[in-house]
Amino acid sequence: MREQTVDAAEFRRHVSRFATGVAVISCEDQDGGFHGATVNSFVSLSLDPATVMVSLRPGRAHDIVRATGRYGASILLEDQQHASNHFARAREDSLAPEFLKRTSVPTLKDCLAWFECEVFEQVPVHDHMLFLARVTACGSGDGSPLLFYASQYHHQPRPVDLKSERS
């Protein structure tokens, strides 16, 4: 039996104060079609081995990831709000962002960072499924991230020089 500890609307209002990045989770169906879902629940769990997790509600992306055991994650750039909206609840009139299959899983062609992931565990939690996965390939580009805070998009972070981080 599930106990509700706080009102869902109240919880959403308070948890929205946690700023997150915005990602598109992508997958390929059995007919070779690419699909995406916007999330802010993509997180890294471990560096060795490289492990990530995404939380998905039931839907097309959830069903494909569950069946195939693979997904891609693309971290959005600050000017990609249209991509976030496209893969969220309502499609925009603009064209769908372009996918690219770099090694084995589709990710967005243009993005701040991308990850190809193989699921090793699925954990049901209430109305979501947690997909824990090992990262099999990843990369990144330049730019600033699209942020989501207080239920709105934000575009304020400064880009970092990844070359200087490697020293």
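A residue counts as buried here when its relative accessible area is under 20%; over 50% it is exposed, and in between it is partly exposed. By that cut-off, buried residues make up 36% of the 167 residues in the chain. The model is a predicted one. The chain exposes about 10600 Å², and carbon and sulfur atoms supply 51% of that area.

Start with the secondary structure. The chain has four helices and 12 strands. Seven of the strands form an open sheet. Its order is S3-S2-S6-S9-S10-S5-S4, with antiparallel pairing. Strand S3 (34–39) and strand S4 (43–47) are the edges, and each pairs on one side only. From one strand to the next, the twist averages 35°.

Strand S2 (residues 23–28) and strand S6 (residues 70–75) run antiparallel and are joined by four bridges. Ala 23 stands opposite Ile 75 in S6.

Now turn to helix H2, residues 60–68. Its buried residues are Ala 61, His 62, Ile 64 and Val 65. They pack against S2, S3, S6, strand S5 (50–56), strand S9 (113–125) and strand S10 (128–140). After H2 comes Gly 69, with a positive phi near 75°.

Contacts across the chain can be sorted by sequence separation. Among those between residues at least 6 apart in sequence, 59% join residues at least 24 apart.

Charged pairs come next. Side chains of opposite charge can pair when their charged atoms come close. A search of the whole structure finds three salt bridges.

One joins the side chains of Lys 101 and Glu 28, at 2.7 Å from N to O. Lys 101 lies in strand S7 (residues 99–101) and Glu 28 in strand S2, so this pair ties together parts 73 residues apart in sequence. Lys 101 is partly exposed, at a relative accessible area of 39%. Glu 28 is also partly exposed, at 22%.

Another salt bridge links Asp 29 and Arg 60, at 3.2 Å from N to O. Asp 29 sits in the loop between S2 and S3, and Arg 60 belongs to helix H2, so the pair ties together parts 31 residues apart in sequence. Asp 29 counts as buried, because its relative accessibility is 14% and the cut-off is under 20%.

The remaining salt bridge is between Lys 109 and Glu 98, at 4.0 Å from N to O. Lys 109 lies in the loop between strand S8 (106–108) and S9, and Glu 98 in the loop between helix H3 (81–87) and S7, so the parts tied together are 11 residues apart in sequence. Lys 109 is partly exposed at 40% relative accessibility, whereas Glu 98 is exposed at 52%.

How values were computed:
Residues numbered from 1 in each chain as written. Predicted model: local features only at pLDDT ≥ 70, side-chain atom pairs only at ≥ 80, totals over all residues. Heavy atoms only, no water. Pairing = 2+ DSSP bridges. Helix = DSSP H or I, 4+ residues; strand = E, 2+ residues; numbered from the N terminus. Axes fitted to C-alpha atoms, helices over the stretch in contact; angles between N-to-C directions. Buried < 20%, exposed > 50% of the residue type's maximum accessible area, 1.4 Å probe, protein only. Contact = heavy atoms within 4.5 Å. Areas by Shrake-Rupley, 256 points an atom, 1.4 Å probe, with all protein chains shown as cover.
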